Amino acid sequence: MTRLSRALRAVALATSLAGLPALSPSASAADETGAQAPKQYFPLATFRVGAYASSGIPSWAGIIDYLRYLNEVEGGINGVKLFWDECETEWAVEKGVECYERQKGGREGSPVPVFLPHGDPVSKALTEKSVADKIPLLTTGYGRTEAIDGRVFPYSFTVLFSFWSEASSVVNYIAEQVGGKDKLKGVKIATVYHDSPYGKETQVPLDLLAKTYGFENIQIAVPHPGNDQSAQWARIRQIKPDWVFLRGWGVMTPVAIKTAAKTGFPVDRIIGGIWSGSEEDVRPAGSVGKGYLAITPFPAGQDFEITKKIKAAIVDQGKSDLKDLKSFGSVYYNSGLIETIIAVEAIRTAQARFGKRPLNGEETQWGLEHLVLDEARLKQIGADGLVQPLRLSAKDHEGGGAGKVLQWDGAKWAIVSNGWVKSDRELLLPVIYERAAAYAKEKGITPRSDDTAEAGAR
Amino acid sequence: MPPALATLSGLGAGRRPALPAVPVRTAGLALLLAVAFVAIPLTATDYWYNAILIPFLIMALAGLGLNLTMGYAGQASLGTGAFMAVGAYATYNLLLRLPDLPLPVSLAGGGLIAGAVGLVVGLPSLRIKGFYLIAPTLAAQFLIEWIFNQVGWFSNYATSSAISAPRLVVLGHDLSNPAGRYALTLTSVTVVAALAWRLVGSQTGRNWRAVRDGETAAAVIGVPVAQAKLSAFFAGAAVSGIAGALWAFAYLGTVDARSFDLDRSFQALFIIIIGGLGSLSGSFIGAAFIVLTPILLTHLSNAILGGSLDGGQVSNLQRIIFGALIIGFLIKEPNGLAALLGRLRRTAR
């Protein structure tokens, strides 16, 4: 790495001598603060080009705006300011791995505290590498469900809302609507899913939940990319389900909403999953999207305390990373914000133990496994209502497992659920632990005991 | 970046069967192997292994597989990704279900199973010729990816159909660190490339070229056309299958079928078109170009521009430069970079 960058710097120097416009080699755009005190490096693996750029760009803005806010208003984390650089992945696995390898060594003396893979395939590819390198992977709203068992997956953090919790929360929301879980018997819930590993993730938990509560579990696959769904929705018209749980990806979601409207299925009986619940998913469906529901751990809105503060200190000052300010407070923007709040609070927790200095991945892993974000702390940050209460441990890398239900009013999302809709984690966790144990056996991993994290840190 | 450059020039020198430059060729090959097996392990870092060398070698191998089918035998194929997937899933299942088999045997077994699938996919080539043959291989690409997605048995019923390397152990040595995975990849690539080199120089290889250059003429002079076509599919798919298994286990560690989608097939196709159809070294040169140029461009733009431009704009700029380079090279030498290097060497001599 160093040899390569040295060689490249030499090339850069040569080209600059040859008269090409060279602007201060190796300077980082993020070097915004003075270089006196040691600063914490926070690497970002971004995708600003490629097929998923439209979801990436607002997420990075949420991340970067919060980091800027921390540096400028709060003076960093306990006085340790943050700096970051970007590595473009185009959401491709190889480039993601390349970025991880490039950034994992840290920068300017600061080690890497945590890595945000931002993509399911790349987070899988990094599962084992991150253990070898001792860098925690923070995956919010995606990632391997079994990684909730931190005894088997010590450096994978499926924080907030796994796909299993997503399915369970949707069932619980439907239960609230029909008047209780005992009324679920006989209710028809059709899951329309993207036919991919991601889309199939909810089949096992829904089977289990259907057996427990007696609702009818119907699974309907939509092949990638899902730009024609007339067959699927014709089947839905035949079956007449009471609710549709839509687990889409990309273009599949707006097409599903439009086709549902065309076949006469009420749009306000469709509940989208995490990746079917952003403004970018509904807006292309046009006016028929009005009334559409979605469950998400990333509630949209600009009225949370922290978003107001960021608006005043960053966005209104013209310092936001957003090019299109319309995305401020959107689902994706807030997802970046939430993700960063969790990472920063984990660093803060670890700082309380290891000292107020730039931390490495092993120390942040301890911080993550001892992260407690209760109502009181969330109020202090100004993130109550935005981030769900979380309590992580070695045995539980998810922590929350709840989502809010949003409804599209034709122009923006409104939160319609009564606070956070919790999932039946006590029902799901044993099955998840079973699967994690099977994985451990297949891979020859000896699971840590619950308290090794504590012991290892001493 | 001396090692990668050495790899290129060394392999370029290592081909050219007809020229009387045998000592140079042997020396170049020996130098290349010395660099790859000795110099690189002494100097390389994790970044070099995980981000550059391993993916480069594996994609070169995948390109080599396609080159056997398409470059030597003239049978167009867009099924490389599917064959890689078969190799990866077959090796995974061999490792999982027959844990007594040593890793090299499972790897070779995965390759043979991929070869058998390739043989079946190649059957339409007996009736369909030229670019129309792309259609059945494309069908195989979609079908095979779909099967691995749907049938849980192949991934041992993992939640997201993902497979991950159960263990990488050869003769008691744990190969799961980057240097070990590089050693595994390099050894496999060297052995397979040597076998492929023997194969294309043998009667089978001559039959392939005869079929490629004129199928009717080949049939008239008694070349077993059907056998040549099917053996080309078998060999190409087997090599791609080994590449797929390495991609899954030596490079990424955990993959699902999406890693072997149509984009992967196109990548292999571009590698051999740019490197050179019907040239073993062309697969390596093409892979170096396709896999490494974007990384080089990223480092260059970081060094030159620093962070002064928006990240998205820089990436788009890199893509434009990359595309322009491809067009430029293909105009300069339609037969690929291997031919370009050969011409340069002849003028230098």
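Modeller: R144(A) and E146(A) are joined by a salt bridge, with N and O 3.9 Å apart. A salt bridge is counted here when such atoms lie within 4 Å, and the structure in which this pair is found is a predicted model. Both R144(A) and E146(A) are buried.

A second pair in chain A is formed by E98(A) and R102(A), whose closest N and O atoms are 2.9 Å apart. These two residues both belong to helix α3 of chain A, which covers residues 93-103, and they are four residues apart, about one turn of the helix. E98(A) and R102(A) are both buried as well.

In chain B, D256(B) makes a salt bridge with R258(B), and the closest N and O atoms are 2.8 Å apart. D256(B) counts as buried because its relative accessibility is 3%, under the limit of 20%. R258(B) has a relative accessible area of 23%, so it is partly exposed. Elsewhere, E101(A), K104(A), D133(A) and D46(B) are joined into one network by salt bridges that share partners. Over all chains, the count comes to 35 salt bridges.

From the charged pairs we may turn to chain A as a whole. Its secondary structure comprises 16 helices and 16 strands. The C-alpha trace spans about 70 × 50 × 40 Å along its principal axes. The radius of gyration of chain A is 22 Å, which agrees with the value near 23 Å that a compact globule of 458 residues would have. Of these 458 residues, 60% are buried. Among contacts in chain A with a separation of 6 or more, 71% are between residues 24 or more positions apart. The chain exposes about 16,700 Å², and carbon and sulfur atoms supply 53% of that area.

S169(A) is classed as buried because its relative accessibility is 0%, and Y173(A) is classed as buried because its value is 6%. Beyond its neighbours within four places in sequence, S169(A) contacts several residues, including F161(A), I295(A), G401(A) and V421(A). Y173(A), with residues up to four places away left out, touches I271(A), L293(A), V405(A), V416(A), S417(A) and V421(A).

The nonpolar interior comes next. In soluble globular proteins, nonpolar side chains tend to be buried together. The largest nonpolar core has 112 residues, and L68(B), Y182(B) and W208(B) have the most contacts inside it. Helix α3 of chain B, residues 46-72, gives the largest share of this core, 19 residues. A second, separate core has 106 residues, among them F42(A), V159(A), F163(A) and L406(A). Not counting residues up to four places away in sequence, the residues that W208(B) touches include L68(B), Y72(B), L199(B) and A228(B).

Some nonpolar residues are instead at the surface. L29(B), L33(B), F37(B), V38(B) and L42(B) form a nonpolar patch there, with about 450 Å² of accessible area together. One of them, L33(B), is in helix α2 of chain B, residues 22-43. L33(B) is partly exposed because its relative accessible area is 34%.

Key:
Residues numbered from 1 in each chain as written. Chains lettered and ligands numbered in written order. Predicted model: local features only at pLDDT ≥ 70, side-chain atom pairs only at ≥ 80, totals over all residues. Heavy atoms only, no water. Core = buried A, V, L, I, M, F, W, Y, C linked by side-chain atoms within 4.5 Å. Buried < 20%, exposed > 50% of the residue type's maximum accessible area, 1.4 Å probe, protein only. Contact = heavy atoms within 4.5 Å. Patch = residues over 30% accessible without salt bridge, like charges linked within 9 Å, V, L, I, M, F, W, Y side chains within 5 Å. Areas by Shrake-Rupley, 256 points an atom, 1.4 Å probe, with all protein chains shown as cover. Salt bridge = Lys/Arg side-chain N within 4 Å of Asp/Glu carboxyl O. Rg over C-alpha atoms; globule rule 2.2 N^0.38 Å.
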